[in-house]
Amino acid sequence: MANPTPIASAVLVPVYRDEAGELRVVLVVRGAHGVHGGQLGFPGGKAEPGDASLLETALRETEEEVGLARVEIRVLAELEPLDTRATGFRVTAFVARVPADVLWRPRAGEIDGIVTPRVADVAGRLDADSVPVEGHRLWGLTLRLLDLVVPRLSAGEWQV
């Protein structure tokens, strides 16, 4: 059941083309602590009082969680907010092009790792309740967001 007053939050959906020209999406493996502990997700979190906008939230959280400087990020689109089904968050996602050669710096204790599956590998499996990705399970809001983003990426809607 959704929280009557959802918690405003934002995530970045980082995408890039690898050396072979394949589209890839960047996912984080959340650390064991917290409400989303151990889950695959996108860099992001809840809005803080100092954030001027939800885009600012997504950029700040991305820099804090994985060390990607905002000057390296090119926002391509803002998606309509989605509510989590169990944890009370209203999430606004920003699709963004990032460099292929990023040196990811996961924040110790908060992010356990980074996975970068090919968009083509997840595209055909989005109608499932969960999808295996590099030894992890992709499900929930992250899977719902990819269900919205992957067809548009595959169709070339955004210049990546």
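Visitor: How many residues does α1 have, and how far does α1 reach from its first C-alpha to its last?

Guide: α1 has 13 residues and reaches 18 Å, close to the 18 Å expected at 1.5 Å a residue. The expected span is 1.5 Å times one less than the number of residues in the helix. Helices (H or I, at least four residues) and strands (E, at least two) are DSSP runs, numbered from the N terminus. This is a predicted model, in which local features need pLDDT of at least 70 and side-chain atom pairs count only at pLDDT 80 or more, while totals for chains, interfaces and linings use all residues. Residues are numbered from 1 along each chain as its sequence is written, and side-chain values use heavy atoms, with hydrogens and water left out.

Visitor: Which residues of α1 are buried?

Guide: They are T57, A58, L59, R60, E61, T62, E65 and V66. Buried means under 20% relative accessible area, exposed over 50%, and partly exposed in between (1.4 Å probe, protein chains only).

Visitor: And what do the buried residues of α1 pack against?

Guide: They pack against β1 (7-17), β3, β5, β8 (89-97) and β9. Contact here means heavy atoms within 4.5 Å.

Visitor: What is found at the start of α1, and what just after it?

Guide: At the start, a side-chain oxygen of S53 comes to within 3.4 Å of the backbone nitrogen of L55. Just after α1, G67 has a positive phi of about 75 degrees.

Visitor: Where is D51, and is D51 buried or exposed?

Guide: D51 is in the loop between β5 (44-46) and α1 (54-66). D51 is buried, at a relative accessible area of 14%.

Visitor: Which residues does D51 touch?

Guide: Apart from neighbours within four places in sequence, D51 is in contact with K46, E56, T57 and R60. The side chains of D51 and T57 are joined by a polar contact of 2.7 Å. A polar contact is a pair of N or O atoms within 3.5 Å; within protein, one must be able to donate a hydrogen and the other to accept it, and residues adjacent in sequence count only if both atoms are side-chain atoms.

Visitor: New topic: in what order do the strands of the open sheet come?

Guide: The order of the 3 strands is β4-β3-β9, with antiparallel pairing. Two strands pair if DSSP finds at least two bridges between them. β4 (40-41) and β9 (111-115) each have a single partner strand, so one side of each is left without a neighbour in the sheet.

Visitor: How many bridges join β3 to β4?

Guide: 2 bridges join β3 (residues 27-30) to β4, and V28 stands opposite G41 in β4.
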